[in-house]
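This report describes selected local features of one protein chain. Please keep the sequence and the structure in view while reading.

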Amino acid sequence: MWDEKEFTRRSFLGASSAALVAAAAIGVANGQDPQEKKVPRSADHHLPNEEEPGPKNTSLDKENPNSNWAPETDSGTVPPFKYSFSLARKRLESGGWTRQVTARELPISKTIAGVEMRLTAGGVRELHWHVSAEWAMMLYGNARITGVDSNAKRFVADVTEGDLWLFPAGIPHSIQGLGPDGCRFLLVFDDGDFNEFETFLITDWMAHTPKEILAKNFNLPETTFDKVPKKELFIFQTGMPGDLRQEQREAAQGSGTVPQRFDFKASEMKPTKTTPGGTVKIIDSKTFPVTPISSAIVTLKPGGLRELHWHPNADEWQYYISGKGRMTVFIAGSRARTMDFEEGDVGYILQSNPHYIENTGDTDLIFLEMFKNGHYEDISLAEWMAHTPPLLVSQHLKIDPSTLANIPKSESTIEPISKS
C-alpha cells in the first residue's frame, strides 16, 4: 500500500494562509515596485479601457473568464496547455465511437495522449495491441477486458465505473461493452504521438497476409480464412460475451493466468489523503505493480484548492471528469497564465513547472493527474518553505519569521476557501 508517512508531513490539498501570503509576496521579492501605477481594472469590466466593441465570442468568453480577463498576476506569453475532447473529431462505428487528444491537437503534450471511447452493449474494440502502454479508467457502465501476455497467460475480467486497467506495451487485448448500456472510458497512453486509429488490429493483419501463409501457420485449410474481413473491424457490434467464469476457464487452459492483474479497483480504494477541502487517491507501481504510469484521482470541494506545487520527475497530463476549476501555470521568466477547465478538458504541465488548481464551481471538481513515470512525486511550496530556515525565507519574501513559523511542518487540515 501507499506509504502514509510520505503524506503526513504536509497538506496535499489546500494551502495554509501563511503559504498563500508568501506566494502573494513573490512579486515584491522579484523587485516590483509596490507603488507602481496600476492599470485601471473593475470587477464587472465596465471601464473604458476594458470595453470590447465589435465582434466577440460571448459564449466562449463566459466559459473561459480567466482567459478573457486574466488575473493581474498573469504575465507574458505561455504556450496553451488546454484542449477539450469536445473539439476532437469523433469516429463513429457500429459498436460505438472514439476520439483522441494527442500532441497533434495539443502540441505541448509530448509524453502522454488520451482517448475517449464509448462501446454499446456488445460493442467490441477489436483484438489489438500497440507500442505504448495503455492505462484506462471506466467513466460509465460495465465492460469486459481480455489480454494475453508473452508467456501465453491469460487475463479476463469485468470492470465497472471507477475501475482502472493497464495493458503493458505490446500486450494484445480487447474491450467489450456489457449490459445494460455498454460503457464509456478514458484511455491514457505513454506517448504523446500515439494514434488510436493506427494500432495493430487482428483483422487488418490477417487481411494483409496471404492465405497460404495463414494456412501454413495454423496448419489449417486455406478455405478456413475465406471469410476473414477484408477491412479492419475496429469498433463493431456483436452479441454479448459468455459467462465470465466460463470464459476465464477457457482462456486459461494449458497456460494459466497472468502473474499480476491488469485491473485495479480504484473505486474500492480508500483515499490516500482527506481534508475538508477534498480527497486524493494516489495510484502508482506501489499499489498497482503492473503500471508504468502513475496517477492521482483528485476531488476538490467547492472553493477547495490543490495546493501550489510541482512534479520533479515527469510532465503532468490532466483529464477533468466533472465540475469547474481554474489552473495557473508559472513557467519562469516572469511568465504565468491562468486557464479555466471543465468536464472533458485536458490540461498539460511540463515537468517541474509550478501550478495550482482551484474549484471555482458549486459542485465537486474531480480530475485526474497522469504521469509517464511509475513512481508518483510532487513538491509542495508550503512544505518547502516550512522546512527552510525562516530567516532565509524572510529575507527573500519580506514576511516576518514569526508568521512563517505558522506554516505547518506536518499534516494540517485545510478548510475549503470561502467563495466571495
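Ala152 is partly exposed, with a relative accessible area of 41%. This residue of a predicted model belongs to the loop that joins strand 6 (134-148) and strand 7 (154-160). The phi of Ala152 is positive, near 65°, although Ala152 is not a glycine. Most residues other than glycine have a negative phi, and most peptide bonds are trans.

Phe234 also has a positive phi, near 60°, and is likewise a residue other than glycine. Its loop runs between helix 6 (211-218) and strand 12 (235-237). Is Phe234 buried or exposed? With a relative accessibility of 1%, Phe234 is counted as buried, because the limit for a buried residue is under 20%.

## A cis peptide bond

In the loop between strand 9 (173-177) and strand 10 (183-189) lies Pro180. The peptide bond that leads from Gly179 to Pro180 is cis, and its omega is near 0°.

## A buried serine

Ser132 is found in the loop between strand 5 (123-129) and strand 6. Its relative accessible area is 5%, so Ser132 is buried. Which residues does Ser132 contact, leaving aside neighbours within four places in sequence? They are Ala169, Phe189, Asp190, Asp191 and Phe194.

## Helix 5 and Ala207

Helix 5 covers residues 202-207 and includes Ala207. Ala207 has a relative accessible area of 31% and is therefore partly exposed. When residues up to four places away in sequence are not counted, Ala207 touches Val228, Pro229 and Lys230. Ala207 and Phe225 are 18 residues apart along the chain, and a distance of 9.3 Å separates their C-alpha atoms.

## The ends of helix 7

Helix 7 spans residues 244-252. At its start, a side-chain oxygen of Asp243 comes to within 3.2 Å of the backbone nitrogen of Arg245. After helix 7 comes Gly254, which has a positive phi, near 85°.

## The two sides of helix 9

Helix 9 consists of residues 390-397, and its buried residues are Val393, Ser394 and Leu397. Viewed down the axis of helix 9, these buried residues fall within an arc of 100°, so they line one face of the helix. Leu391 and His396, on the other side of helix 9, are exposed.

The residue Lys398 follows helix 9 and has a positive phi, near 60°.

## The second largest pocket

Rolling a probe the size of a water molecule over the atoms shows where empty space is left. The second largest pocket holds about 510 Å³ of space. Its lining is made up of 23 residues, and those nearest the centre of the pocket are Glu63, Asn64, Lys82, Asp340 and Glu342. Two or more lining residues come from each of helix 3 (58-63), helix 4 (65-68), strand 1 (82-84), strand 19 (324-330) and strand 20 (336-342).

Which element gives the most to the lining of the second largest pocket? Strand 20 does, with five residues. By residue type, the lining of this pocket divides into ten charged, seven polar and six nonpolar residues.

Definitions and conventions
Residues numbered from 1 in each chain as written. Predicted model: local features only at pLDDT ≥ 70, side-chain atom pairs only at ≥ 80, totals over all residues. Heavy atoms only, no water. Buried < 20%, exposed > 50% of the residue type's maximum accessible area, 1.4 Å probe, protein only. Helix = DSSP H or I, 4+ residues; strand = E, 2+ residues; numbered from the N terminus. Arc of directions from axis to C-beta. Contact = heavy atoms within 4.5 Å. Polar contact = N/O pair within 3.5 Å; in protein donor to acceptor, adjacent residues only side chain to side chain. 1 Å grid on protein atoms, 1.4 Å probe; cavity = no way out; pocket = protein on both sides within 12 Å on 5 of 7 lines; lining within 4 Å. Points joined across faces, edges and corners; volume = space filled by probe spheres on them. Nonpolar A, V, L, I, M, F, W, Y, C, P; charged D, E, K, R; others polar.
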